[in-house]
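Subject: Structure handover and notes

Dear colleague,

Please find below the structure that I promised to pass on to you. My notes follow directly after it, and I would be grateful if you read them with the model open.

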Amino acid sequence: METLSATESYSRVAGEYAAEFYHELDGKILDRTLLKRFAESVMGRGIACDLGCGPGEIAHYLYEQGLTSVIGMDLAEGMIEQASRLDARIPFSVGDMLCLPVQNDAWVGIAAFYSIVHFQEEQARKAFAEMYRVLQPDGLALITFHIGEGSVRRDEWYGQPVDITWYLFDVDDVGAWMQAAGFEMEDVIIRHPYPGVEHPSRRAYLFARKKV
Ligand SMILES: C[S@@+](CC[C@H](N)C(=O)[O-])C[C@H]1O[C@@H](n2cnc3c(N)ncnc32)[C@H](O)[C@@H]1O
């Protein structure tokens, strides 16, 4: 039997994922509002990264808001190929959130939309420690995830064999892991799912700052 990592799985379905999700923000007013706030907060202060960018729809939206210093990073090469094809103005590259190929204090902002969702606690804590390390003082992180317990696994997606597990999180747990990494929480926003637009889970958006 074939053994697949989540990253290989994402590369395999990257084209179909991009086709389904690239314009998803059109139906998500809160996401657009919070991304505008993120863009305004970091504008003109350095590089902001769409981390775990997938096909790059968050980076694309931020660029359209005037945040032309945005970049994107993802571990799945197939996703980076899609992101680069879909918006050639933005630098996209392969990189691991658990070991970022970036110097300390390199970025002013990180928007990580549903990219911690494949981690369990230990890896999530490591990802937050890496985010904290690469953010400059007063840098801002915006993290989103599905609220709940347990996990959901897929072994088939768009007609292809995959092996991907999504973990749901408790909001206070994630806040505590971020604080343990050094972040100061600014805002925690929770919303109900948009019917017919997305998976029916409640969503969390955490704004957190690197205070030093
Ligand atoms: C649910 S998708 C979200 C993609 C995009 N941010 C969005 O909102 O549509 C999760 C993404 O995280 C990426 N990812 C998973 N583990 C990663 C890691 N260790 N480093 C970087 N990216 C990772 C996957 O390749 C995938 O593109």
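In these notes, buried means under 20% relative accessible area, exposed means over 50%, and partly exposed lies in between, with a 1.4 Å probe and protein chains only as cover. This is a predicted model, in which local features need pLDDT of at least 70 and side-chain atom pairs count only at pLDDT 80 or more, while totals for chains, interfaces and linings use all residues. Residues are numbered from 1 along each chain as its sequence is written, and side-chain values use heavy atoms, with hydrogens and water left out.

The sheet

Helices (H or I, at least four residues) and strands (E, at least two) are DSSP runs numbered from the N terminus, and two strands pair if DSSP finds at least two bridges between them. On that basis the model holds an open sheet of 7 strands with mixed pairing, in the order S3-S2-S1-S4-S5-S9-S8. Its edge strands, each pairing on one side only, are S3 (92-94) and S8 (183-191). On average, and with direction ignored, neighbouring strands of this sheet are turned by 20° against each other; here axes are lines fitted to C-alpha atoms, for helices over the stretch in contact, and angles run from 0 to 180 degrees between N-to-C directions.

Strand S9 (residues 203-210) runs antiparallel to S8, to which 8 bridges join it, and S9 also runs antiparallel to S5, with 7 bridges between them. Among the individual pairs, Ile189 has Tyr205 of S9 as its bridge partner, Val188 stands opposite Leu206, and His146 is partnered by Arg203. In a regular strand the side chains alternate between the two faces of the sheet. In S9 both faces are covered, with Arg203, Tyr205, Phe207 and Arg209 buried on one side and Ala204, Leu206, Ala208 and Lys210 buried on the other.

Helices across the sheet

Contact, here and below, means heavy atoms within 4.5 Å. Helix H3 (residues 29-42) lies across S1 (47-51), S4 (107-113), S5 (135-146), S8 and S9, and runs at about 170° to S4. Helix H5 (residues 77-86) lies across S2 (70-74) and S3, running at about 170° to S3. Gln82 belongs to H5 and is buried, because its relative accessible area is 14%. Leaving aside neighbours within four places in sequence, Gln82 is in contact with Ala14, Gly15, Ala18 and Pro55.

The ligand site

Counting a residue as near a molecule if one of its heavy atoms lies within 4 Å of it, the ligand is surrounded by 18 residues, of which the closest are Tyr17, Gly52, Glu57, Asp74 and Asp96. A polar contact is a pair of N or O atoms within 3.5 Å; within protein, one must be able to donate a hydrogen and the other to accept it, and residues adjacent in sequence count only if both atoms are side-chain atoms. A polar backbone atom of Gly52 is 2.8 Å from a nitrogen atom of the ligand, a backbone N or O atom of Leu75 lies 3.2 Å from a ligand nitrogen atom, and for a backbone N or O atom of Met97 the distance to a ligand nitrogen atom is 2.9 Å. Taken alone the ligand exposes 600 Å², of which the protein buries 95%, with accessible areas from the Shrake-Rupley method and a 1.4 Å probe, and with only the protein chains shown counting as cover for residues.

Single residues to look at

Ser201 sits in the loop between S8 and S9 and counts as buried, because its relative accessibility is 5%. Not counting residues up to four places away in sequence, Ser201 touches His146 and Pro193, and a polar contact of 2.6 Å joins the side chains of Ser201 and His146. Ser201 and Gly148 are 53 residues apart in sequence and 7.7 Å apart in space, C-alpha to C-alpha.

Most residues other than glycine have a negative phi, and most peptide bonds are trans. Asp105, in the loop between S3 and S4, has a positive phi of about 60° although it is not a glycine, and at 39% relative accessibility Asp105 counts as partly exposed. Asp138, in strand S5, likewise has a positive phi, near 75°, and at 34% relative accessibility Asp138 is partly exposed.
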